[in-house]
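Good morning, everyone, and please have the sequence and the structure open while I talk.

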Amino acid sequence: TRVSTPVSMPDVFLPACLTPGTTGLMVVHNHPSGDPTPSPDDARLTMRLCAAADVLDIALLDHLIELRKRLIIAFVFLIVAFIGCWFISEEILAFLVKPLNEAWIGKYGTDIPKIIYTNLTEAFFTRVKLSVFGALVVAFPVIMGQVWAFVAPGLYRQEKAAFLPFI
C-alpha cells in the first residue's frame, strides 16, 4: 500500500522519513500518462530526502546533547561555587557591611550596631542569598565560557569578532 502526504505542488509527495507516523513511502510524480510506477529518479529523490531528514535528526540530537553537556558543566560549577561561598558567607556579609559601619562611625563615633534579624529564618536565608549571589559572581566566567563554547561553532568569523568584546 502506498500512503503519501501532498506537499505544496500537487505532483510531488513527501517520503515516509519526513512524515511522522508513516512508513514505506516513496516520492512519486504523477506522470502525464497516468502511470503511478515510481521512476528511478523518484527513488533517488526519495533516498536523498530521507538521508537529509536523517542528517537533520542527528544534527538536532547532537545539538541537544551538546547543550545538555554545557548546562551540566555550568550547573556543577555553580553548585561548587555556592558551597564554597556558603562557608565564607559571614566574611562576605562583613565585607558588604564595612562601608555602612565606617559611615556609622564617621557620623556617630560610637560602637558599630549589630545586625538584627527580625524573623526566625532570616539569618539562614541571608546566608543563602549571599552564597547564591557570590556563586553567580564566581561562576560567571565559566557559565559564559560554556555559552560561548555552545554558540561559537555556529557563528561566522565576523559574528564571532563582533561578540568577542562582550564576552
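A residue is called buried when its relative accessible area is under 20%, exposed when it is over 50%, and partly exposed in between, using a 1.4 Å probe and protein chains only. This is a predicted model, in which local features need pLDDT of at least 70 and side-chain atom pairs count only at pLDDT 80 or more, while totals for chains, interfaces and linings use all residues. Residues are numbered from 1 along each chain as its sequence is written, and side-chain values use heavy atoms, with hydrogens and water left out.

Let us begin with helix H2, residues 89–108, where helices are DSSP runs of H or I with at least four residues, numbered from the N terminus. Buried in H2 are Ser89, Leu93, Val97 and Asn101. In general, an α-helix has 3.6 residues a turn, so residues three or four places apart point the same way. At Val97, H2 bends by about 40°, and Pro99 follows within four residues; the bend is the angle between axes fitted to the seven residues ending there and the seven starting there.

Now to helix H3, residues 122–151, which holds Ser131. Is Ser131 buried or exposed? Ser131 counts as buried because its relative accessibility is 0%. Leaving aside neighbours within four places in sequence, Ser131 is in contact with Phe82, Cys85, Trp86 and Ser89, contact meaning heavy atoms within 4.5 Å.

Ile143 is also found in H3, and with a relative accessible area of 24% Ile143 is partly exposed.

Notes. Helices (H or I, at least four residues) and strands (E, at least two) are DSSP runs, numbered from the N terminus. The expected span of a helix is 1.5 Å times one less than its number of residues.
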